[in-house]
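Subject: Handover of a structure for your study

Dear colleague,

Please find below the structure that I am handing over to you. I would be grateful if you would read the notes that follow with the structure open beside them.

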Amino acid sequence: MSVPSRILLTALVTLLLACGPRLPDEDRIRNALQRMTQALVDREASTVLEPLAEDFVGETWDLDRRALRLLLRREMLAHDRLRARLFDIEVDLLSPERASANFQVLLTGGSGLVPSEGRWFQVETGWRLDDDWKLISARWENVIGR
């Protein structure tokens, strides 16, 4: 699909979503995670980072939003292909303005058709409702891989 066609399709979908009933909060958070995942595949770093709040904290490696952007950029330079596959997404509304989303993710990277590296993580995220749901924290544990 050409870039103008994708832009038109995105605009149309956005318009249709704006006219319809608002999605449940759980679905809005799941959709944000899916958009981030697709943006990683499409190598669109700004879209990956879009849902992150300004005060985001990556607790596992003590990363703020800027440090995560630099890490993402480094990984995009190091790998021609990056993929993330999310599994078992569980979203819990903790209050009207707070939520958590826990899931597993398989991250792969490489230069050819077959990934040369892969890691499996268990991830816990925190979300805050501002105008939209914003990712405020993430903690991850390496399950498989180096």
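In helix α2, the buried residues are Arg28, Ile29, Ala32, Leu33, Met36, Thr37, Ala39 and Leu40. Please bear in mind that this is a predicted model. Helix α2 runs over residues 25-41, which makes 17 residues. From its first C-alpha to its last, α2 reaches 25 Å, close to the 24 Å expected at 1.5 Å a residue.

The largest nonpolar core of the model comprises 29 residues. Ile29, Leu33, Leu40, Phe103, Val105 and Trp127 have the most contacts inside this core. At least two core residues are supplied by each of α2, α3 (45-49), β1 (52-58), α4, β3, β4 (98-110), β5 (117-129) and β6 (133-144). The largest share, six residues, comes from α2.

Apart from residues up to four places away in sequence, Leu33 touches Leu86, Ile89, Ala101, Phe103 and Trp127.

Just after α2, Arg43 takes a positive phi of about 60°. His79 itself lies in the loop between α4 (65-78) and β3 (81-95). Is His79 buried or exposed? His79 counts as buried because its relative accessibility is 7%, and buried means under 20%.

With kind regards

Definitions and conventions:
Residues numbered from 1 in each chain as written. Predicted model: local features only at pLDDT ≥ 70, side-chain atom pairs only at ≥ 80, totals over all residues. Heavy atoms only, no water. Helix = DSSP H or I, 4+ residues; strand = E, 2+ residues; numbered from the N terminus. Buried < 20%, exposed > 50% of the residue type's maximum accessible area, 1.4 Å probe, protein only. Expected span 1.5 Å × (residues − 1). Core = buried A, V, L, I, M, F, W, Y, C linked by side-chain atoms within 4.5 Å. Contact = heavy atoms within 4.5 Å.
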